[in-house]
Amino acid sequence: MFNWAKYLKRSDLIQTGLLIDGVWINNPDTFRVINPVNDELLANIAIATNEDLDNSVKSSKDAFLIWSKKSALERSRLIRKLYELIIENIDDLALILTIEQGKPLSEAKNEVLYSASFFEWFSEEARRAYGDVIPANNINQRSSVIKQAIGVCAAITPWNFPSAMLGRKLAPALAAGCTMIAKPASMTPLSANALGVLALEAGIPAACFNIIHGHSGKIGEFLCHNQDIRKLTFTGSTEVGVWLYQNSANTMKKLSLELGGNAPLIVFDDANLDLAIDGIIASKFRNSGQTCVCANRILVHKKIKNILIDKLLDKVSQLQLGDGRDSHVSLGPLINDDAVMHVNSLVADAIDHGANLICGGKVAANIGKRFFEPTIIDCPNTKNRLFKEEIFAPVLPIYTFTTDEEAVAMANNTEYGLASYIFTQSNARIYRVSEDLEFGMVGVNTGSISAENVPFGGIKMSGLGREGGKTGINEYLVEKYICTQI
Ligand code: SIN
């Protein structure tokens, strides 16, 4: 078993239980968490029983009655305190994240800062849940709309950003006056538990933030069907998002979904190429390509394809694979063996469809079985699976176009609608192409946008609701119309 105490300033940040009503519950039934770098056992995490699940909702409901009645200022101060504690413990939190997830320490630190930024931001937003005064159509009536916390919320969070995605959901929920039950991904539960320790320390009352662990299918079903849970927020695959959507129908829950992506990144022939190269590298290779908003397909104007590939090759050859704890490392491992199998089959399929491997294309076995080499593939057509599927690995497929219309048609030729990117120096093109792209977000001359305000859930133009980012407090509030006879 990994010796956490040897590396952390605060070994109490490592908790292996469920957090229910302010108490860590360590059940005998557990699952294993391993370091994806070397399979070392990191922790045995408690599995929630049916009774634990019921208690998590019951306590969260009781806590809601207290938390939602606190003044916005009081909630704001406690959320701000949590922000400060996250910053104070950033080194430990980043290390926990790197060890359970695999991303380089510098990226892990950025993720913890990103997570903290939600608590900082929403400690302010807590005070700004303004309502409306509406002219009544009867002179003897007065009308207003107030915003109230929606109730007990549940969050299912992913393994690729175990700290930031939880922060993005928890901070606006608490600010609005909601309580939250979180189900972190089973591969990366330790970052969430560390946040649970700090939330209690910050003085956030017990059961305002409960954490449950266990079998995803069983817990997902429980959360969807529970009438007392009024909102469910999820970041993860489209397949699971659809399932949650279907299963939440009977209880008419509010949903926020941030689902899969197949982002096009279009480089027009008037682009600032150095900017485009930096954008592509940042977007594609962050978290070893395991990011739902990352560039999945590079579409480049035919005229500049060769020069783009040369410049990319130069940058990619400088990327270093390895254990994220080493400061020279820029790419960690893939999360598990299934991820490796998936990317191997995508690369093989592309080669079968005539693609030309420029670099990489295989596991760097000398480093470890999950370290996939940063890969560039020149694709002569769009028939391969790389064009259609979310890659979730450091593989960069390049496709060419000759007209703007062709680029937009290729970009839109996907069922996904999360993110897209364009590189051009023409203002007219920025407006025209951004409006024509059927994605919830367009990054213009940047390769890094975050899904925090995603309006389309990741499914093309489906309008499933914002994910709950910096504008997301409204996702955790309901509007009540009050009409007074005077
Ligand atoms: C994700 O990949 O799940 C989202 C990343 C982000 O919004 O920064």
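Which residues does Leu 464 touch, not counting residues up to four places away in sequence?

1. Leu 464 and its surroundings. In this predicted model, Leu 464 touches Tyr 245, Leu 255, Leu 257, Leu 259, Pro 455, Phe 456, Gly 457 and Ile 459, with residues up to four places away in sequence left out of the count. Leu 464 belongs to the loop between strand S18 (441-444) and strand S19 (477-485). Its relative accessible area is 14%, so Leu 464 is buried.

2. Domain arrangement. The protein is divided into domain 1 (4-259 + 466-485) and domain 2 (263-457). Their C-alpha centres lie 31 Å apart. Contact between the two involves 33 residues of domain 1 and 30 residues of domain 2. The area buried between domain 1 and domain 2 is about 2,600 Å², with 53% of it on carbon and sulfur atoms. Pro 36, Val 37 and Trp 159 supply 19% of the area that domain 1 buries against domain 2, which is more than any other three residues.

3. Salt bridges at the domain interface. Across the interface of domain 1 and domain 2, 2 salt bridges are found. Lys 369 and Asp 39 meet through their side chains in a salt bridge, at 3.2 Å from N to O. Asp 39 is placed in the loop between strand S3 (30-34) and strand S4 (41-46). Its relative accessibility is 30%, and Asp 39 therefore counts as partly exposed. The backbone of Asp 39 also deserves a remark: its phi is near 70 degrees, a positive value in a residue other than glycine.

4. Ala 207 is located in the loop between helix H7 (190-202) and strand S9 (209-211). With a relative accessibility of 2%, Ala 207 counts as buried.

5. Aromatic pairs. The structure holds 6 aromatic pairs. In one of them, the ring centres of Trp 159 and Phe 392 are 5.7 Å apart and the planes stand at 85 degrees, so the pair is edge-to-face. Trp 159 lies in the loop between strand S7 (152-157) and helix H6 (164-176), and Phe 392 in the loop between helix H13 (385-388) and strand S16 (395-401), so the pair ties together parts that are 233 residues apart in sequence. Trp 159 counts as buried, at 17% relative accessibility. The rings of Phe 387 and Tyr 399 have centres 5.0 Å apart and planes at 80 degrees, so this pair is edge-to-face. Phe 387 lies in helix H13 and Tyr 399 in strand S16, so the pair ties together parts that are 12 residues apart in sequence. Phe 387 counts as buried at 1% relative accessibility, and Tyr 399 counts as buried at 1%.

6. Aromatic cluster and charges over rings. Phe 2, Trp 4 and Tyr 7 form one aromatic cluster. The charged end of Arg 325 sits over the ring of Tyr 7, at 5.8 Å from its centre. Elsewhere, Lys 231 lies over the face of Tyr 476, 4.6 Å from the ring centre.

7. Packing of helix H8. Which residues of helix H8 (residues 216-225) are buried? They are Ile 219, Gly 220, Phe 222, Leu 223 and Cys 224. These buried residues of H8 pack against helix H2 (50-67), S7, strand S8 (179-184), strand S10 (229-235) and helix H9 (238-247).

8. Salt bridges in the whole structure. The search finds 28 salt bridges. In one of them, Lys 61 is joined to Asp 228, with the closest N and O atoms 3.3 Å apart. This pair links distant parts of the chain, with Lys 61 in helix H2 and Asp 228 in the loop between H8 and S10, 167 residues apart. Lys 61 is partly exposed, with a relative accessible area of 40%, and Asp 228 counts as partly exposed at 32% relative accessibility.

9. Glu 84 forms a salt bridge with Arg 80, the closest N and O atoms being 3.3 Å apart. Both residues lie in helix H3 (residues 72-88), 4 residues apart, about one turn of the helix.

Key: Residues are numbered from 1 along each chain as its sequence is written. Side-chain values use heavy atoms; hydrogens and water are left out. Rings of Phe, Tyr and Trp (its six-membered ring) pair if their centres lie within 6.5 Å; planes under 30 degrees apart count as stacked, over 60 as edge-to-face and the rest as tilted. Helices (H or I, at least four residues) and strands (E, at least two) are DSSP runs, numbered from the N terminus. Buried means under 20% relative accessible area, exposed over 50%, partly exposed in between (1.4 Å probe, protein chains only). A charge sits over a ring if NZ of Lys or CZ of Arg is within 6 Å of the ring centre and within 35 degrees of the ring normal. Domain bounds come from an automatic or database domain assignment. Contact means heavy atoms within 4.5 Å. Buried area is the accessible area (1.4 Å probe) that two parts lose on being put together, summed over both. A salt bridge is a side-chain nitrogen of Lys or Arg within 4 Å of a carboxyl oxygen of Asp or Glu.
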